[in-house]
Amino acid sequence: MKKIKTLLCSRKGFSSAPLAVVIALIGMMFFVVLWQIVRLVTISAGVKDAVQSAVIATSVGNYSNVYDGVREGYSGGYRYSGNSWRSAISTGDVYGRLDKLLGLKTSGGKHNKTNSDGVEYSVYGLSVNIENAQFAPTSGDIPQFCATSYITLEVPLSFCGEILPPMRVQLCVKSKYTPKF
């Protein structure tokens with residue numbers, strides 16, 4: 001520490017110049033890493049919000065099926081067909097809604113967001129699981145209509161070239177139907 005202090009206080013220009021360059025480079029690397037973290041957090045939050053919007057739209061699309069059951073004293077989306085009750089729910093088109101919301105283009109099984117530099121991020125592996133409530137529950141603990149979706153987000157890092165692998169994270173979004181009255 002004392003040696004660094006004497007180098008910084010030295011009157012010799014050539015001895016403190018390399019140290020100043022090293023400090024500047026370290027500062028620049030710190031801000032590049034910080035910028036990359038902010039970029040990754042922003043992209044993942046935006047994609048999660050879009051997936052949430054698409055899943056909620058799917059739940060809303062099932063509203064008429066679910067509401068009829070609640071109104072009649074049961075819960076969930078069921079229809080009388082033939083001589084029995086059958087589940088009447090739909091998983092909707094979550095990918096289609098995501099493509100519209102985020103401006104994605106399909107390529108090789110992935111839905112990609114591109115910019116002038118190439119692929120900004122990709123989403124793939126969507127699974128939508130809709131849990132219908134019980135037809136006529138007998139217990140006091142009544143499960144609700146619930147839509148759960150999982151999707152994988154892949155964001156390539158924009159520095160260090162191909163040295164670092166892309167960020168891959170699986171996002172989970174849930175939507176439940178809760179009667180207001």
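**Strand pairing and salt bridges**

Modeller: In strand 5, Val-123 is the bridge partner of His-111. The model is predicted: local features need pLDDT of at least 70, side-chain atom pairs count only at pLDDT 80 or more, and totals for chains, interfaces and linings use all residues. Residues are numbered from 1 along each chain as its sequence is written, and side-chain values use heavy atoms, with hydrogens and water left out.

Biologist: What makes strand 4 and strand 5 a pair?

Modeller: Two strands pair if DSSP finds at least two bridges between them. Strand 4 and strand 5 have five bridges, in the antiparallel sense, so they meet the rule. A hairpin of two residues joins strand 4 to strand 5.

Biologist: What makes strand 3 and strand 7 edge strands?

Modeller: The open sheet has five antiparallel strands in the order 3-4-5-6-7. Strand 3 (105-107) and strand 7 (167-176) each pair on one side only. From one strand to the next the twist averages 30°. Axes are lines fitted to C-alpha atoms, for helices over the stretch in contact, and angles run from 0 to 180 degrees between N-to-C directions.

Biologist: Where does helix 4 lie?

Modeller: Helix 4 (residues 94-102) lies across strand 3, strand 4 (110-115), strand 5 and strand 6, at about 145° to strand 5. Overall, the protein chain has four helices and seven strands; helices (H or I, at least four residues) and strands (E, at least two) are DSSP runs, numbered from the N terminus.

Biologist: Why is the pair Lys-110 and Glu-154 called a salt bridge?

Modeller: The definition asks for a side-chain nitrogen of Lys or Arg within 4 Å of a carboxyl oxygen of Asp or Glu. For Lys-110 and Glu-154 the closest N and O atoms are 3.4 Å apart, so the pair qualifies. Lys-110 is in strand 4 and Glu-154 in strand 6, 44 residues apart.

Biologist: What makes Arg-168 and Glu-154 a salt bridge?

Modeller: The N to O distance is 2.8 Å, so this pair also passes the 4 Å limit. Arg-168 is in strand 7 and Glu-154 in strand 6, 14 residues apart. Shared partners join Lys-110, Glu-154 and Arg-168 into one network. The count of salt bridges is two.

Biologist: Is Glu-154 buried or exposed?

Modeller: Buried means under 20% relative accessible area, exposed over 50%, and partly exposed in between (1.4 Å probe, protein chains only). Glu-154 is at 11%, so it counts as buried. Lys-110, at 25%, is partly exposed, and Arg-168, at 51%, is exposed. Of the 181 residues in the protein chain, 28% are buried.

Biologist: Why is Phe-31 called exposed?

Modeller: Phe-31 has 56% relative accessibility, so it counts as exposed. Phe-31 is in helix 2 (residues 13-61).

Biologist: What makes Phe-30, Phe-31, Leu-34 and Val-38 a nonpolar patch?

Modeller: Patches take residues with over 30% relative accessible area and no salt bridge; like charges are joined within 9 Å, nonpolar side chains (Val, Leu, Ile, Met, Phe, Trp, Tyr) within 5 Å. Phe-30, Phe-31, Leu-34 and Val-38 form such a patch on the surface, with about 420 Å² of accessible area together. Accessible areas come from the Shrake-Rupley method with a 1.4 Å probe; for residues, only the protein chains shown count as cover.

Methods:
Contact = heavy atoms within 4.5 Å.
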